[in-house]
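This report describes selected parts of one structure, shown below. It begins with a ligand and goes on to the parts of the chain around it.

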Amino acid sequence: MPKVIVLPGDGIGPEVVGAALEVLREVAPDLTLEECRLGGCAYEAEGDPFPASTQAALADADAALLGTVGGAPDSPWNTLPRPLRPESGLLRLRQHLGVYANLRPVQVMPGLEHLSPLRPEIAAGVDLLIVRELLGGAYFDPRREKGAEAAFNTIGYAADEIERAAEHAFGAAQQRRGRLTSVDKANVLEVSELWREVVTAQAANYPEVQVNHEYVDSVATLLVTRPERYDVILTENLFGDILSDLAAVLPGSLGLMPSASLGEGAGLYEPIHGSAPDIAGQGVANPAGTILSAAMLLRFSLGRSAEAERVEAAVRAALAQAPTRDLGGTASTAELTAAVVRAL
Ligand code: NAD
Ligand code: IPM
Ligand code: MN
């Protein structure tokens, strides 16, 4: 029986994960679901945001489903030594699992164009994939320091770190519309120059994929004005973090955006949004991004594409009937989840 580690986390995490579990239990009742702690809740209970108990449970797991971690702006968690903060727990989890390729699909599902704040002619038909390198760059570079008068971080990449993420992006482009846009800042940064060289060299192995390179600042505009230009976007960790939150404007809410993080072993699945302290505990969070992440888990870690498609179709139907508050609707988390389960 496949084993999935469930990490509700902090803030709205338990609310959106609870919704995804209702759906998973319906479409995959044979799964073993084991709940563990990650983030601020783990620090409070076990003194570590990525505790040994969670690490041990992951050892024989097929996948992990995560909600969100982190506190409000005034949370005492934000002044803990950095390794003890909730966000460090998440970064350590990603590193522990070796999940270097973060897939963040951006889709405006047919019939849901009206949920986008953008004009329907821009939003309609959007279907792109951001492949974000997840274990490199400023997030993990040990060359970092903070003093009272000065501080620095470093964006370092080794060629093989670029290569392995790019491989995922090329593979995805082959399966999709055959276009790959590599996003960098090569007009200013040496690390982007290397990024561009590595991607260009790799392109020779994928003659059927059409590759181009664009600067991240320009992509920030084009992504939300001419999204049809993009099929697969490949970019480094920090650029990918920012561009994917921006891309959420296309479908209409951060709450709609799922992700899959893949590497050598078990995959990690999580919505791209944070713990939303401003609405936590109110039962109004949009669970769609987490439910769609569970669909990605079924597809990529368990090879259950038919079930994944069933879930995706049900989410689409439910959002048409019962949009949540972030989408201009009135449905609660529970009401949208019930609509998804009914539509399965
Ligand atoms: P956020 O994504 O939590 O919230 C931004 C805005 O989007 C808020 O107004 C929030 O209410 C709204 N929102 C987000 N998800 C939603 C959903 N599912 N339904 C409805 N509305 C939703 O970003 P933030 O406020 O910058 O960060 C809050 C905390 O979350 C911080 O501690 C941050 O470090 C953490 N964070 C965690 C993750 C993660 O766990 N992967 C990701 C981003 C931020
Ligand atoms: C995300 C989040 C995380 C990131 C933070 C919480 C570490 O913003 O998953 O997008 O920056 O990767
Ligand atoms: Mn982010």
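## Surroundings of ligand 2

Gly70, Glu87, Leu90, Leu91, Asp241 and Ile272 surround ligand 2; a residue is near a molecule if its C-beta atom, placed from the backbone, lies within 6 Å of it. By type, this shell holds three nonpolar residues, one polar and two charged. Here Ala, Val, Leu, Ile, Met, Phe, Trp, Tyr, Cys and Pro count as nonpolar, Asp, Glu, Lys and Arg as charged, and the others, Gly among them, as polar. The most residues, three, come from helix α4 (residues 86–97).

The model is a predicted one, in which local features need pLDDT of at least 70 and side-chain atom pairs count only at pLDDT 80 or more, while totals for chains, interfaces and linings use all residues. Residues are numbered from 1 along each chain as its sequence is written, and chains are lettered from A and ligands numbered from 1 in the order in which they are written.

## Surroundings of ligand 1

Around ligand 1 there are 22 residues, of which the closest are Gly70, Gly255, His273, Gly274 and Asn286. This shell divides into nine nonpolar, nine polar and four charged residues.

## Helix α4

Helices (H or I, at least four residues) and strands (E, at least two) are DSSP runs, numbered from the N terminus. The 12 residues of α4 should span 16 Å at 1.5 Å a residue, and its end C-alpha atoms are 17 Å apart, which agrees; the expected span is 1.5 Å times one less than the number of residues. Just after α4, Gly98 has a positive phi of about 65 degrees.

Pro86, Gly89, Leu90, Leu93, Arg94 and Leu97 are the buried residues of α4. Viewed down the helix axis, the buried residues of α4 fall within an arc of 135 degrees, so they line one face of the helix; the arc is that of the directions from the helix axis to the C-beta atoms. A residue is buried if 20 or more other C-beta atoms lie within 10 Å of its own, exposed if 12 or fewer, and partly exposed in between, with C-beta atoms placed from the backbone. The cover over these buried residues includes α2 (40–46), β11 (260–262) and β12 (267–269).

## The annotated aspartates

An unreviewed UniProt entry places the feature "binding site" at Asp217, Asp241 and Asp245. These residues span 29 residues in sequence, yet no two of their C-alpha atoms are more than 14.4 Å apart, so they gather at one spot. UniProt positions are given in the numbering used here, feature names are shortened, and annotations may be inferred rather than shown by experiment.

Asp241 is buried, with 20 other C-beta atoms within 10 Å, whereas Asp245 counts as partly exposed, with 15 C-beta neighbours inside 10 Å. Not counting residues up to four places away in sequence, Asp245 touches Leu254 and Ile272; contact means that the C-beta atoms of two residues, placed from the backbone, lie within 7 Å.

## Two buried loop residues

Leu250 is in the loop between α9 and β11 and counts as buried, with 23 C-beta neighbours inside 10 Å. Leaving aside neighbours within four places in sequence, the contacts of Leu250 include Val106, Val108, Ser116 and Leu118. Leu250 and Val108 are 142 residues apart along the chain, and their C-alpha atoms are separated by 6.9 Å.

Ala276 is in the loop between β12 and α10 (288–300). Although not a glycine, Ala276 has a positive phi of about 40 degrees. Ala276 counts as buried, with 23 C-beta neighbours inside 10 Å.
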